[in-house]
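Hi,

Here is the structure for your set-up. My notes on what turned up follow below.

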Amino acid sequence: MVTQVLSRSDDGQVTTAAILAVEKVSFRYSLSQFGRPWTIEEASFDVAPGQVLGIVGPNGSGKSSLLKLSAGLLRPESGIIRLAGQAIGNLSPLAIARTLAFVPQEQAHEFPFTVAETVLMGRFPHRQAGWWSMGMEAEREEDLSTAHRAMVEADVVELADRLVSDLSGGERQRVMIARALAQEPRILLLDEPTAFLDLNHQIELCSLIQRLAKERSLTVVLVSHDLNVASLLCDRVLMVKDGKICAQGTPVETIRPEVLRAVYGCDVVVDSHPQRGVPRVTLGVVQ
Amino acid sequence: MPNGQATPLTSTAGGAPVSGSVRSPVVAGWARTGAIVTSRRRWLVLIGLLVASVVVVLVSSCFGAARVSGRDLLAALLELVTVGRIDGAVDETTGAILFQIRLPRVLMGFLVGGTLAVVGAALQALLRNALADPYVLGVSSGAALGVALAMLLGLGTIAAVVSVLPLWGFAGGLMALILIYRLAQSHGRLPIHSLLLAGVILNAMLTALIMFITSIMDPARSAGLIAWLMGSLTPQNWTGLAGIALYVAIGGLALLYQAPALNVLTQGEDTARSLGIDTERIKQRLYVLTALLTGAVVSVSGMIGFIGMLIPHAVRMAIGSDHRLLMPASAFVGGMFLVLSDTVARTAFAPAEIPVGVVTALAGGPFFLYLLLWRKDRMV
């Protein structure tokens with residue numbers, strides 16, 4: 001443990017303010033090999049409504065696994081994950097999908113769906129058709145207007161009739177976020193949302209995420225390998241190394257040279273962002 | 001949850017220029033540009049395809065070793081509808097050809113083609129790959145092995161009433177499908193090359209087992225088995241047709257019911273699960289339904305290939321990927337395609353008949369290769 005800041009679940013109590021609480025969760029891939037090290041070991045953190053939490057760490061540290069555990073896509077071997085107070089293991093996939101939306105890093109685009117069709121898939125967990133519709137029901141008024149609003153939010157309305165497979169990386173990322181918003185979630189989980197984006201799209205996406213958190217009190221948890229994005233965007237940062245959370249707190253508390261040396265094993269220069277005052281990470285002198 | 005009552009996304013007015021009641025212009029726009037398929041458009045397409053199917057079935061019924069004129073066909077049909085039997089509108093031979101031989105065969109062809117196309121569409125969504133096809137993947141071979149085994153052991157019918165060959169086909173197809181999925185999957189993904197490779201290997205092994213069965217059968221029966229294996233729609237009768245129609249109706253409707261879930265499933269496993277799909281359960285359902293349908297059609301028509309890949313692909317190009325329209329539309333188009341292929345098989349070298357499986361493979365194989373070459377970069 002390098003630092004342990006602002007961890008309200010240290011005493012094991014469920015904090016009711018948290019919309020997502022991860023308590024002492026351990027997980028490893030492949031049940032057959034018991035000798036395998038933990039992918040995630042004894043991880044505990046929680047997120048309050050409207051907060052933006054960033055998970056950062058080196059490649060292979062378990063960032064994405066931690067996110068997928070939080071989304072209920074992976075089952076922990078021990079520990080518990082609570083979504084709005086309820087254990088996620090007891091919730092049906094549909095119930096989870098009505099509260100939590102997950103945007104994966106990569107997405108299959110084998111089939112030519114339009115942007116509007118893709119965003120409307122976000123309404124799937126809210127579907128109410130009975131068996132007599134034989135799967136042929138039409139979208140309800142409400143589904144269409146919610147999808148449209150989500151597309152306005154994510155700025156993809158103009159793309160409605162384009163095929164997702166024909167879009168650029170940045171546009172596609174916004175479509176996936178629009179689909180997630182169409183789920184009307186209270187928590188949005190994003191896996192490396194800025195990974196394949198140009199600078200301008202990164203900025204657009206960051207401001208979109210911040211707007212959603214502030215205006216809609218949407219809770220956002222995102223994985224990023226870009227420390228500067230995390231610093232600018234997040235209220236709190238989790239540092240993950242070898243499956244363990246080794247620091248959590250505000251960007252100022254966590255993005256510090258000694259913490260980064262312990263997590264990444266290299267020296268970097270950390271100063272202040274000229275406009276926002278948050279930590280800024282620059283590569284150190286390379287010999 | 002004192003602080004947890006986060007304002008839902010919908011109830012906040014926000015800066016969005018849109019609120020609840022503005023659906024019409026938006027949706028009208030989406031419908032006009034084809035961004036979504038409205039249910040009105042869906043029904044129009046399906047009614048159009050239904051009409052086309054009726055025409056294709058009737059026209060095809062006139063062609064064969066013996067030609068029947070269109071006027072005779074219509075007169076006979078009219079009489080059948082008004083009087084209830086054939087009584088003088090056409091001579092007895094023509095009536096027998098039409099109603100005992102031609103129509104059952106053409107309708108069976110329609111049923112088989114439509115079913116194979118729907119199964120192909122469902123498999124493509126399940127495997128997230130537009131090249132999936134029951135024939136290429138070895139599901140048809142598995143079903144054929146089940147049927148051949150039942151024939152060898154003389155277990156084809158129970159009490160000579162209901163044919164249970166489809167169930168043997170179902171068992172064989174299910175086994176093959178589960179094997180394929182397990183073989184091709186790696187780290188939650190289904191790369192196209194491992195799918196095709198697994199299909200090739202499985203096909204080779206299953207074909208060897210089928211050949212083994214035909215070689216130990218007595219020659220008189222094995223000749224029939226081999227003819228059936230090549231994919232053929234002869235001979236058919238109304239009882240057999242009704243039996244298969246029952247299997248196909250149950251399986252097909254249950255598959256259609258999964259259409260919205262299939263849409264979501266195409267987006268990848270993690271996305272599907274995060275949208276509320278119980279992926280394990282839906283995969284099991286799709287295994288069972290596609291294997292049941294494949295087993296049913298293979299038991300009557302043998303190995304008819306490429307329809308399951310060719311038709312959904314072509315239909316998707318024309319009307320998009322929404323399975324609520326894609327699956328029923330593929331059923332009609334697949335049915336028409338096989339009826340026309342069978343008409344070619346009957347007439348091209350008349351009085352000799354080519355197995356219809358040869359015709360569909362010659363039409364579908366090159367298309368498959370074209371997709372593999374032209375879209376190679378997008379298949380990985």
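A:Cys234 is buried, at 6% relative accessibility (buried means under 20% relative accessible area, exposed over 50%, partly exposed in between; 1.4 Å probe, protein chains only). A:Cys206 is buried too, at 16%. The sulfurs of A:Cys234 and A:Cys206 are 8.6 Å apart, too far for a bond. Over all chains there are zero disulfides (pairs of cysteine sulfur atoms within 2.5 Å).

This is a predicted model: local features need pLDDT of at least 70, side-chain atom pairs count only at pLDDT 80 or more, and totals for chains, interfaces and linings use all residues. Residues are numbered from 1 along each chain as its sequence is written, chains are lettered from A and ligands numbered from 1 in the order written, and side-chain values use heavy atoms, without hydrogens and water.

Now the rings. The structure holds three aromatic pairs over all chains (Phe, Tyr and Trp rings, the six-membered one for Trp, with centres within 6.5 Å; planes under 30 degrees apart are stacked, over 60 edge-to-face, the rest tilted). One of them is B:Tyr181 with B:Tyr287, edge-to-face at 5.8 Å centre to centre and 80 degrees between the planes. B:Tyr181 sits in α7 (residues 165-184) of chain B and B:Tyr287 in α13 (residues 279-301), so the pair ties together parts 106 residues apart in sequence. Helices are DSSP runs of H or I, at least four residues, and strands runs of E, at least two, numbered from the N terminus. Both tyrosines are buried.

Best wishes
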